[in-house]
Amino acid sequence: MKVRHASSEHSSLRRHQVALNSTCFVLQHVKPIAVPNAVALELLRQELPQSSILIDRNEVEPFETDGLTAIREQPWVVVLAETVAHVRSVLRVCRECEVPLVTRGAGTGLSGGARPNSDGILLVMTKMNKILDVDAANCTATVEPGVTNLAISEAVKEGGLYYAPDPSSQIACSIGGNVAENAGGVHCLKYGLTLHNVIGMKVQTIEGDELVLGGKSYDNASYDYMALFVGSEGMLGVVTEVTVQLLPIPANQQVLLAAFNELERAGECVAGIISAGLVPAGLEMMDKLAIQAAEEYAGVGYPTDAEAILLCELDGCLEEVEQHAASVEDLMRSRGAYDVSIAKEPKDCERLWRGRKAAFPAAGRLAPDYYCMDGTIPRYEIGRVLRSISKMSDRYGLSVANVFHAGDGNLHPLILFDASDKEQMRKAEEFGGEILECCVLAGGTITGEHGVGIEKIDQMCSQFSDVELDQFHRLREAFDQAKLMNPGKAIPTLARCSELGGMHVHRGALPHPELERF
Amino acid sequence: MQVQLSPTLARDDEAKRAKDIIGKCVHCGFCNATCPTYRHFGDELQGPRGRIYLIKGLLERDEFNETASNSLSLCLTCRACETTCPSGVEYGDLVGYARTTLARQEGKTTLTERILLRVLPNFGLFRFLYRLGRMFKFFVPGSLRGSLYRRLPKLQSLPSEGGNVVLMQGCVQRSLTPEVVNHLAHLLTSLGIKFRVCSSEKCCGALHLHLGHREKAQAFMSANISALSLNEGDIVLSTASGCGSTLKEYGREMGSEEATLFSNSVLDVAEFLHQFQFKARYEKRKIVFQSPCTLQHGQKVTGVVEQILHRAGYNLCEVRDDNQCCGSAGSFAILQSETSNALRTKKLDALLEPDPEIIATANVGCQLHLECVSRTPVKHWIELLEVADKT
């Protein structure tokens, strides 16, 4: 990692290391947040073009929420950054005036990671949307953070290359946001998450440093800071440049569509395919409600009477694809698929994926609101967990549409509700929490690719011990001592966990007994 | 997304309908990806999702606000977002509502808007001022001067032979590109199809509708409905997809039985000519088709013109970003000329990439907007066809 110091002669990296090595155990409290002040605004106005600063209520209101609309808060000020210098100015103002800062990409996130603070600045990166360099020989592209995921693949298409991670929102989501959340997608089963496909980046920290992480080669002589920053949910710094690795577009691809009469049989089939040693490029599952919603929008020919469908993509050279497709088809039929069809032409494959990729928003046709969960479980548990979710659905009286990355066990139950009904909203949140806890109990985790954000922060208390959470806080402080960046997200304070624990006394045991109660 | 209607709008049916439309939006942001102005500005406030949020604010507070007004005046109403939206949000309707509301709340119209609304739909006045403008170009504001490049063609009246096919002539099209309808008349005659024209045809109402003057738009609609006095089985052909898109909305806008009969009778000329075989009129075979937003997003007619041209023997090249607006968008080209010109430059770059010999389009607005800066000829696709010899 290279560090370019802004102004301080003091090595802030050394300070980071001191903080990391410190073994003293200090309880974390939320810092009293600075009141928005005229000084900060004046400083912003001195350093940024007037058109980049939004402060009027009507102007900032559309930024109050991201893809998780149930959670909203109007930001004090919105800044639309156009250059790295703008980003550095905003960071400096936040540091000097102690103003909380939330960074936002395209605002498509589903965990509320970009929900602003009413006393803070929202730094929007969408204007920084240039592709800086395409290095076809090295199969890399260097881009600004506001470039959309799909735009990268489009820009390198002519050279026969593409960027593999493809979240369903790839048409709209930005690469900076992908880095912040460690976004996944349909093809991550074979090609990995954002983490495995980003090889370099520039990050601006709130302490005024520019960190140059990774580069165009795969290994670097230092700790793997890339792994730390990818998925750090905007709490360690602001990404201002990303270098991604590109892959050659596979010579052949085929997509199998299998229809099942039972949801669990489809779940078992997934485990069967993976344990047979096959690695599909994508292996996705949708249940009846999701199939119907997606079909209504996309009209791609999904069997709307099926209880579940599996979409399985195989790619590679022709012999390999054909052989694997035959094996997968056999497996699907032997595990209870009543119909299997194979798309071989690129146009047909694209058609089958189109329905899947639009499935989330298409659920907007089923109910006024949906709450999208993101738990991940071991694949052999899919059938059992789906059964539990369906029981919970009956108990809460709320429908669930399931559409998810079955191949890597990443569930996306969409809880359907009407937010104008407070009772339904409360139930939906509780239901969501129970699903995530069920995932953890099944040996899984509370997030697969959407990040923790504000949405899953309480479930972090179920997944991690207080010692672990405390380590997270100290890691964060190494880069942002004042904890101004994306406050209140991703890592709960121990106080929050203890309060929550008070509500969920488990078998008579009080969680975090070492904490003072109030 | 939920909307808490302002108490002042609680009994307003239009507001309730707008609330229901927003109810379908899940704030996923897919729409921003294909919105020309979001792509241009990179700003949430200049994309459909931001605009929907601003309209939500209008419904919740029922007071005029500058931000919403500016944002909506920069909306092209190309409706690319509607094609992209997986949740089925009827954005076009929503914006129509919001513009009417804003116009009502603000209570005034800018001078330029007033002039446009007065002149463009008035055939005689438009021709008079256009000729005057060409004679005294020096006095014409810079943003308008570029549009005065065409010589005003001589007026020709079309024969009206009866039959159940009605040709709409349009207002600007009739003044500036009458060759389109003339050529269509020639094609229909060659095919042995009788048609009639209506001498008292009025503006379709699109212009007023887009600027939030709904009552005036509805007055034009009523006038056309009675002027054409259609019977069951009549077919109204529109060669300008912008007008066609509005003509197809009459039923929904007016709600009456005659209006529904009217809008159900309207076809874009491509939907009608699709059944016939044509041959290429020009030797220059390598062409691109710029599918107007009003055709692909507004009327959801996709791939039809392309098939006709392909079958006629043209080498039709693919166009990058073919869902993007050229920037013309009715009065947008005049009222928001800077943004409009920037979008036009992008569009022309994409259209000229395959090095075509002719750019074909399906709407008079797009044709004039592109033609005045393009070295490659821009023609309505109708003009590229000749009736195929019977075999």
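Biologist: How many salt bridges does the rule find across the interface of domain 2 of chain B and domain 3 of chain B?

Modeller: The rule finds 1. This is a predicted model, in which local features need pLDDT of at least 70, side-chain atom pairs count only at pLDDT 80 or more, and totals for chains, interfaces and linings use all residues. Residues are numbered from 1 along each chain as its sequence is written, chains are lettered from A and ligands numbered from 1 in the order in which they are written, and side-chain values use heavy atoms, without hydrogens and water.

Biologist: Why is the pair Glu371(B) and Arg150(B) called a salt bridge?

Modeller: A salt bridge is a side-chain nitrogen of Lys or Arg within 4 Å of a carboxyl oxygen of Asp or Glu. The closest N and O atoms of Glu371(B) and Arg150(B) are 2.8 Å apart, so the pair meets the rule.

Biologist: What makes domain 2 and domain 3 of chain B separate entries?

Modeller: The domain assignment, automatic or from a database, lists domain 2 of chain B as 123-272 and domain 3 as 274-387. Their C-alpha centres lie 19 Å apart.

Biologist: How do you know that domain 2 of chain B touches domain 3 of chain B?

Modeller: Contact means heavy atoms within 4.5 Å. By that rule, 32 residues of domain 2 of chain B are in contact with 32 residues of domain 3 of chain B.

Biologist: What area do domain 2 of chain B and domain 3 of chain B bury between them?

Modeller: About 2600 Å², with 65% of it on carbon and sulfur atoms. Buried area is the accessible area (1.4 Å probe) that two parts lose on being put together, summed over both.
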